[in-house]
Amino acid sequence: RSIAGEFGLQIKTLIMVGGLLWALELIDIPLGGSLNAFGIRPRDPQGLWGILFAPFLHGDLLHLLSNTVPFVVLSWLIMLSATEDWLAVTVLAALVGGLGTWLFGQSGSVHIGASGVIFGYFGFLLARGYFERSFVAIALSVLVTFLYGGLIFGVLPGQPGISWEGHLFGFVGGILAAKLMSKPRRKSSDLDF
């Protein structure tokens with residue numbers, strides 16, 4: 001694929017996924033938020049389905065808006081390497097984040113939102129610099145730390161109604177993705193510049 005073709009694919013992907021998130025929330029508003037019942041319900045066997053659905057569901061438009069910008073920015077930073085990387089990181093962050101939330105989340109709660117996946121992107125971009133040790137990966141890690149470093153506090157319990165479990169395990173999923181997807185470490189004399 002050409003650079004223009006790759007960039008076009010990235011834009012289309014972000015518009016399609018972002019559009020899906022917004023369309024589902026706009027459908028859910030007249031339904032009174034009833035789609036949110038399909039979120040992750042910890043240790044409820046039916047709540048396992050939420051691992052697939054929760055990233056697409058949001059409590060309200062403000063919740064979705066607060067997730068949209070970091071979703072787009074961090075997604076695109078992952079896509080800079082390859083659009084396929086974004087898909088792999090998304091799946092791994094959603095699975096690890098969702099399963100961790102299902103196992104360790106508070107009983108009787110319902111977890112929804114794309115923030116677990118966003119924290120996976122954050123973890124991936126931070127850890128990729130460490131695992132790959134290439135100039136580009138390290139530069140992206142520094143950029144992400146500058147732009148979104150404050151996110152790290154979202155993995156700690158504290159704010160009621162915020163799924164710190166989803167954030168924590170999504171972050172772990174992103175680090176795992178960075179480890180699994182990184183190119184082998186090079187000798188220090190072979191760093192990319």
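Asp, Glu, Lys and Arg count as charged here, while Ala, Val, Leu, Ile, Met, Phe, Trp, Tyr, Cys and Pro count as nonpolar and the others, Gly among them, as polar. This is a predicted model. Two cavities of 30 Å³ or more lie within the structure.

**Largest cavity**
- The lining comprises 17 residues, and those closest to the cavity centre are Ile40, Ala54, Gly113, Gly116 and Gly166.
- By class, the lining has seven nonpolar residues, 10 polar and no charged.
- Three helices, α4 (83-104), α5 (115-132) and α7 (164-181), each contribute at least two lining residues.
- Helix α4 gives the most, with five residues.

**Second largest cavity**
- Its lining consists of Leu21, Leu24, Glu25, Asp28, Asn36, Phe56, Leu57 and His58.
- This lining splits into four nonpolar, two polar and two charged residues.
- Glu25 and Asp28 are in the lining, and Asp and Glu count as charged.

**Helix α4**
- The 22 residues of α4 should span 32 Å at 1.5 Å a residue, and its end C-alpha atoms are 32 Å apart, so the two values agree.
- Buried residues of α4 include Thr83, Asp85, Trp86, Val89, Thr90, Ala93 and Ala94.
- Further along α4, Gly97, Gly98, Gly100, Thr101 and Trp102 are buried too.
- Among the elements covering these buried residues are α1 (3-28), α2 (50-53) and α3 (61-79).

Terms used
Residues are numbered from 1 along each chain as its sequence is written. This is a predicted model: local features need pLDDT of at least 70, side-chain atom pairs count only at pLDDT 80 or more; totals for chains, interfaces and linings use all residues. Side-chain values use heavy atoms; hydrogens and water are left out. On a 1 Å grid over the protein atoms alone, a cavity is a set of points where a 1.4 Å probe fits but cannot get out, and a pocket is an open set with protein on both sides within 12 Å along at least five of seven lines; lining residues have an atom within 4 Å of a point. Grid points are joined across faces, edges and corners, and a volume is the space filled by probe spheres set on the points. Helices (H or I, at least four residues) and strands (E, at least two) are DSSP runs, numbered from the N terminus. The expected span of a helix is 1.5 Å times one less than its number of residues. Buried means under 20% relative accessible area, exposed over 50%, partly exposed in between (1.4 Å probe, protein chains only). Contact means heavy atoms within 4.5 Å.
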